[in-house]
Amino acid sequence: MITLTLPDGSTREVAKGTTSLQVAQSISEGLARNVLSAEVNGEVIDATRPIEADATLKLLTWNDDSGKSTLWHSSAHLMAEALEAHYPGIKLAIGPPIENGFYYDVDFGDVEFSQADFAKVEKTMLELARQKSEYIRKEVSKADAIHFFREKGDQYKLELIDGLEDGQITFYSQGNFTDLCRGPHIPNTGFIKAAKLLNVAGAYWRGDEKNKMLTRVYAITFPKQSELEDYLKLLEEARKRDHRKLGKELGLFAFSQKVGSGLPLWLPKGTDLRMRLTAFLTDAQKKMGYLQVITPHIGSKELYETSGHWEKYGKDSFQPISTPQEGEMYMLKPMNCPHHCEIFKTEPRSYRDLPLRLAEFGTVYRYEQTGELHGLTRVRGFTQDDAHIFCTVDQVKEEVGKVIDLVLYIFKTLDFPDFLAQVSLRDPGNPSKYIGSDANWEAAERGIQEVATEKGLKTVVEYGEAAFYGPKLDFMVRDAIGRRWQLGTVQVDYNLPERFELEYTGADNQKHRPVMIHRAPFGSMERFVAILIEHCAGQFPLWLTPEQVKILPVSEKYNDYAQSVAKSLISYDIRALVDERNEKVGKKIRDAELEKVPYMLIVGEEEQGAGTVSARKKGEGDIGSLAIADFANKVNEEIKAMLSAQ
RNA sequence: GCCGUUGUAGCUCAGGGGUAGAGCACUUCCUUGGUAAGGAAGAGGUCACGGGUUCAAUUCCCGUCAACGGCUCCA
């Protein structure tokens with residue numbers, strides 16, 4: 001007998017060689033029907049594999065990420081089987097699970113595979129799934145593995161096997177299909193109840209552009225048909241929220257081929273929104289002791305030689321600007337830090353001056369690859385909500401903590417309740433990769449982790465993800481429909497203070513090198529606005545939205561009264577406009593709803609006579625008639641409640 | 001940068017070797033209205049750009065640019 005410890009701490013005595021699936025069956029048939037794989041001593045394995053010794057056991061279902069991955073991994077094999085049925089002779093490369101579904105890289109030879117072919121493959125997958133073919137694991141010798149794929153004529157698998165050690169090679173088979181695979185897999189194909197091919201795209205074999213381009217087929221499967229339907233609805237919802245679409249519809253920003261790709265043009269409404277965000281953050285930063293600075297959009301090439309960026313990024317950047325003066329060169333600034341370092345150096349600094357927090361909404365230019373540009377999330381000219389905190393090593397922890405406070409305040413006010421912090425530390429196996437003393441690194445790494453815990457952040461630690469110049473902390477938010485985005489970032493930097501020879505006089509009257517902390521809660525205004533648009537589906541919070549109130553006269557006879565209402569609201573700091581068009585009120589309401597204006601005020605004979613407005617809330621409808629001042633106060637109360645979030 | 005797809009009116013899109021069409025938006029007129037689309041008329045296009053084939057190209061071919069879906073990249 002062996003002892004298995006379950007996640008709740010309870011134990012079960014079972015015969016040696018019992019499978020996880022059998023354990024599930026002993027708990028309940030229902031559970032057994034849902035078990036996709038199992039985590040045994042922390043390793044995810046087939047639920048059908050015998051357990052030979054005492055172990056901790058977690059049964060994995062669709063509710064576990066690892067369970068999902070197992071189903072999708074098995075589905076990749078199923079899709080490969082279906083593809084082979086339709087296209088005999090295709091060569092298969094790799095087929096892993098991904099965050100949402102899975103893909104298989106396939107060499108279709110001369111055959112064209114396109115969206116039109118998806119349906120038949122899906123149909124075959126489901127037919128095969130219904131056969132409930134078991135996934136059978138088999139350990140094979142390297143020689144046998146090579147023999148198998150040589151027979152099959154699949155050079156990609158042979159190349160993969162080449163990199164594997166004899167004795168560690170396993171095959172998995174289901175139905176008539178056998179694949180080289182480490183596993184794990186679900187017990188049988190019957191668990192797959194719904195399948196959808198999503199997309200095809202080119203991808204290089206092993207991600208190397210010197211290699212052959214394969215066809216990557218993206219797909220997703222589910223253990224229930226209804227889950228697929230929910231997922232398709234989510235995709236549809238994501239399409240509706242796409243900031244590129246909403247940005248155009250709501251008149252926020254645009255691009256012009258003539259201006260240049262990746263260079264956004266902020267339209268009046270988008271500018272209004274952005275400036276309001278800027279003011280919001282400026283105000284919060286002022287309260288936290290930041291000093292606002294402004295630096296030029298260009299800097300001499302020498303500045304970037306000092307910073308080291310010329311050497312590293314120079315040839316992939318917008319090229320230097322030359323001047324009538326022979327040999328003089330300037331660069332569009334790709335970041336603000338070097339300028340801020342020079343501000344630090346404008347006067348001798350004492351430890352009493354630290355921390356010095358220099359903030360700037362700094363516009364920078366980076367020559368991103370053409371294929372990378374994407375709406376507002378990846379552009380060539382953008383404005384960082386940047387700041388650099390110059391402090392002593394001892395102050396790092398406290399300063400990082402203050403940045404966390406600022407970010408939490410922003411998330412709260414802008415309604416991002418679901419987020420986590422990723423702490424990126426050194427790769428312990430490769431200490432020579434990093435600049436700065438061990439002692440400093442250790443203090444900062446420990447400080448960041450401690451303060452993240454103290455602030456109650458949900459944290460994940462990634463080793464080896466730190467930049468060469470210092471550890472960092474990034475915030476990952478989940479938006480309203482569950483997608484993850486990387487937002488604010490905090491980075492400790494030992495490198496630039498060194499390169500710019502920054503120093504301050506300590507209490508000991510000796511020169512010391514400050515530490516620099518880069519931080520940008522939004523990342524960039526462009527990217528943040530994009531995420532915000534998708535998060536709130538274009539329905540911005542009342543305090544932020546460009547047009548808060550639209551006044552809709554019932555007929556042109558009341559346009560004058562409507563204008564006087566608008567004027568009155570503006571005196572209350574409310575952004576109001578009149579729809580003076582010669583249209584019926586139903587039409588004006590419809591248009592205001594589509595423009596996502598939070599409040600509509602209908603005015604006609606009755607309101608004009610009484611000096612009132614008939615209010616209507618977007619999405620809710622008529623909320624009754626009230627005096628202008630009462631309405632204005634109501635709106636301002638609502639805004640005050642939003643901004644006082646702490 | 002690489003692979004694939006696309007580029008027709010402000011927007012969404014149809015069409016197709018003989019120089020263009022719909023709906024919405026826009027302008028004007030009729031209507032002067034009460035909580036998600038009133039009616040009529042009008043205006044609007046070098047069919048992305050450059051080259052080629054052709055009697056003739058928006059349509060076919062090549063190239064460029066851009067957008068989109070991926071890959072690689074991201075100070």
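Aromatic rings come first. In this predicted model, the count comes to 24 aromatic pairs. A pair of aromatic rings is described by the distance of the centres and the angle of the planes.

One of these pairs joins Trp62 and Trp72. Their ring centres lie 5.6 Å apart, with 90° between the planes. That makes the pair edge-to-face. Where do Trp62 and Trp72 lie in the chain? Trp62 is in the loop between strand 7 (55-60) and helix 3 (65-86), while Trp72 is in helix 3 itself. The pair therefore ties together parts that are 10 residues apart in sequence. Trp62 is buried, at 11% relative accessible area. Trp72 is buried too, at 4%.

Phenylalanines also gather. Phe411, Phe416, Phe419, Phe475, Phe522 and Phe528 make up one aromatic cluster.

**The chain as a whole**

Chain A contains 20 helices and 36 strands. Its C-alpha trace spans about 85 × 75 × 60 Å along the principal axes. Of the 646 residues in chain A, 50% are buried. Now take the contacts in chain A with a separation of 6 or more: residues 24 or more positions apart account for 69% of them.

**Helix 20**

Helix 20 covers residues 628-643, which is 16 residues. From first C-alpha to last, helix 20 reaches 23 Å.

Which residues of helix 20 are buried? They are Ile628, Phe631, Ala632, Val635 and Ile639. These residues cover an arc of only 100° around the axis, so they sit on the same side of helix 20. The spacing fits a general rule. An α-helix has 3.6 residues a turn, so residues three or four places apart point the same way.

What covers the buried residues of helix 20? The cover includes helix 17 (559-571) and strand 32 (549-553). It also includes strand 34 (599-603), strand 35 (612-617) and strand 36 (621-627). On the other side of helix 20, Glu637, Lys640 and Ala641 are exposed.

**Strands that pair**

Strands of a sheet pair through backbone hydrogen bonds, either parallel or antiparallel. One open sheet here has 3 strands, in the order 19-21-20, and its pairing is antiparallel. Strand 19 (298-300) and strand 20 (321-322) are the edge strands, each pairing on one side only. Strand 21 (residues 329-332) pairs with strand 19 over 3 bridges. Across that pairing, Gly299 stands opposite Met331 in strand 21.

Another pairing involves strand 1 (residues 2-5) and strand 2 (residues 11-14). They are antiparallel, with 4 bridges. Thr3 stands opposite Glu13 in strand 2. Strand 1 and strand 2 form a hairpin with 5 residues between the strands. In that hairpin, Gly9 takes a positive phi near 95°.

**Backbone angles in loops**

| Feature | Angle | Loop |
|---|---|---|
| Cis peptide bond, Gly183 to Pro184 | omega about 0° | Pro184: between strand 13 (177-180) and strand 14 (194-204) |
| Cis peptide bond, Leu354 to Pro355 | omega near -5° | Pro355: between strand 22 (349-350) and strand 23 (356-365) |
| Positive phi, Asn41 | phi about 50° | Asn41: between strand 4 (37-40) and strand 5 (43-45) |
| Positive phi, Lys596 | phi near 65° | Lys596: between helix 18 (585-594) and strand 34 |

**Cysteines**

A disulfide is a covalent bond between the sulfur atoms of two cysteines. How many disulfides does a search of the whole structure find? The search finds 0. Are Cys181 and Cys536 buried or exposed? Cys181 is buried, since its relative accessible area of 8% is under the 20% cut-off. Cys536 has 17%, so it counts as buried as well.

Technical notes:
Residues numbered from 1 in each chain as written. Chains lettered and ligands numbered in written order. Predicted model: local features only at pLDDT ≥ 70, side-chain atom pairs only at ≥ 80, totals over all residues. Heavy atoms only, no water. Pairing = 2+ DSSP bridges. Helix = DSSP H or I, 4+ residues; strand = E, 2+ residues; numbered from the N terminus. Expected span 1.5 Å × (residues − 1). Buried < 20%, exposed > 50% of the residue type's maximum accessible area, 1.4 Å probe, protein only. Arc of directions from axis to C-beta. Contact = heavy atoms within 4.5 Å. Disulfide = S-S within 2.5 Å. Phe/Tyr/Trp six-rings, centres within 6.5 Å; stacked < 30°, edge-to-face > 60°.
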